[in-house]
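Work through the exercises below with the structure in view. Each task is followed by a solution in steps.

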Amino acid sequence: MQLAAASGLMSLVLFIVAVGVLALLAGGFWMNSRVKYRESPRPRPEEQPKLPPDGPVREVRQNRESQEVPQTPKGGRPLTPYELSNMDSRPSESKDRPRWSRGSSGSFGGGGLGAH
């Protein structure tokens, strides 16, 4: 009695599975080449972005102030967001950076003790 006898059918199944995996890999390479062929070509060196004539752009640090919201007169109705203009900002005269008050968490719900 042979318990570990080689089966010709099992060898055939493994060969067919191996051929199927190779066919899938070859199909993947073929699809990839078709997609790359349809892509636009890479830019040539003369089409690359250039620096501005003034040189590289540098960071500008400045404080900004927003416009004041108009006060509602007594007895008048408040303005709705749709009635407010686009609230622009302007450069601030002050060069001091704004800081949070001492003992403040810095934001609503920030978890700090707050000012006491």
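**Exercise 1.** Which side chain is joined to that of Ser 92 by a polar contact?

Solution. The model is a predicted one.
Step 1. Locate the residue: Ser 92 is placed in the segment that follows β2, and β2 covers 89-91.
Step 2. List what Ser 92 touches, leaving aside residues up to four places away in sequence: Asn 63, Arg 64 and Glu 65.
Step 3. Pick out the polar contact: the side chain of Ser 92 is joined to the side chain of Glu 65 at 3.1 Å.

**Exercise 2.** Decide whether Ser 92 and Ser 94 are buried, partly exposed or exposed.

Solution. Step 1. Recall the cut-offs: under 20% relative accessible area is buried, over 50% is exposed, and values in between are partly exposed.
Step 1. Ser 92 has a relative accessibility of 12%, so Ser 92 is buried.
Step 2. Ser 94 has a relative accessibility of 34%, so Ser 94 is partly exposed.
Step 3. Between the C-alpha atoms of Ser 94 and Glu 65 the distance is 9.7 Å, with 29 residues separating the two in sequence.

**Exercise 3.** Find the salt bridge made by Glu 65 and say which elements the pair links.

Solution. Step 1. The partner of Glu 65 is Arg 90, and their closest N and O atoms are 3.5 Å apart.
Step 1. Assign the elements: Glu 65 is in strand β1 (residues 64-66) and Arg 90 in strand β2, so distant parts of the chain, 25 residues apart, are linked by the pair.
Step 2. Check the exposure of both. Glu 65 has a relative accessible area of 31% and is therefore partly exposed. Arg 90 is also partly exposed, because its value is 39%.
Step 3. Note the general point: side chains of opposite charge can pair when their charged atoms come close.

**Exercise 4.** Describe the surroundings of Arg 90.

Solution. Step 1. Arg 90 belongs to strand β2.
Step 1. Not counting residues up to four places away in sequence, Arg 90 touches Asn 63, Arg 64, Glu 65, Ser 66 and Gln 67.
Step 2. Take one more distance: from the C-alpha of Arg 90 to the C-alpha of Gln 62 it is 10.0 Å, while the two residues are 28 apart in sequence.

**Exercise 5.** How many salt bridges does the count give? Describe those of Glu 47 and Glu 83.

Solution. Step 1. The count comes to 4 salt bridges.
Step 1. Glu 47 meets Arg 44 in a salt bridge between side chains, with an N to O distance of 3.2 Å. Glu 47 is partly exposed at 45% relative accessibility, and Arg 44 is partly exposed with a relative accessible area of 47%.
Step 2. Widen the view: a network of salt bridges links Arg 44, Glu 46 and Glu 47.
Step 3. The side chain of Glu 83 meets that of Arg 77 in a salt bridge of 2.6 Å, N to O. With a relative accessible area of 39%, Glu 83 is partly exposed. Arg 77 reaches 55% and therefore counts as exposed.

**Exercise 6.** Describe the chain as a whole: its elements, its burial and its surface.

Solution. Step 1. The protein chain contains 1 helix and 2 strands, and from the N terminus on their order is α-β-β.
Step 1. Of the 116 residues in the protein chain, 3% are buried.
Step 2. The accessible surface of the chain is about 11,900 Å², and carbon and sulfur atoms account for 59% of that surface.
Step 3. Look at contacts between residues at least 6 apart in sequence: 47% of them join residues at least 24 apart.

**Exercise 7.** Which residues does UniProt list as "transmembrane region", and what is the helix content of that span?

Solution. Step 1. The UniProt record, an unreviewed entry, lists residues 12-32 under this name.
Step 1. In the model, residues 12-32 are 100% helix and 0% strand.

Technical notes: Residues numbered from 1 in each chain as written. Predicted model: local features only at pLDDT ≥ 70, side-chain atom pairs only at ≥ 80, totals over all residues. Heavy atoms only, no water. UniProt positions renumbered as here; feature names shortened; annotations may be inferred. Helix = DSSP H or I, 4+ residues; strand = E, 2+ residues; numbered from the N terminus. Buried < 20%, exposed > 50% of the residue type's maximum accessible area, 1.4 Å probe, protein only. Contact = heavy atoms within 4.5 Å. Areas by Shrake-Rupley, 256 points an atom, 1.4 Å probe, with all protein chains shown as cover. Polar contact = N/O pair within 3.5 Å; in protein donor to acceptor, adjacent residues only side chain to side chain.
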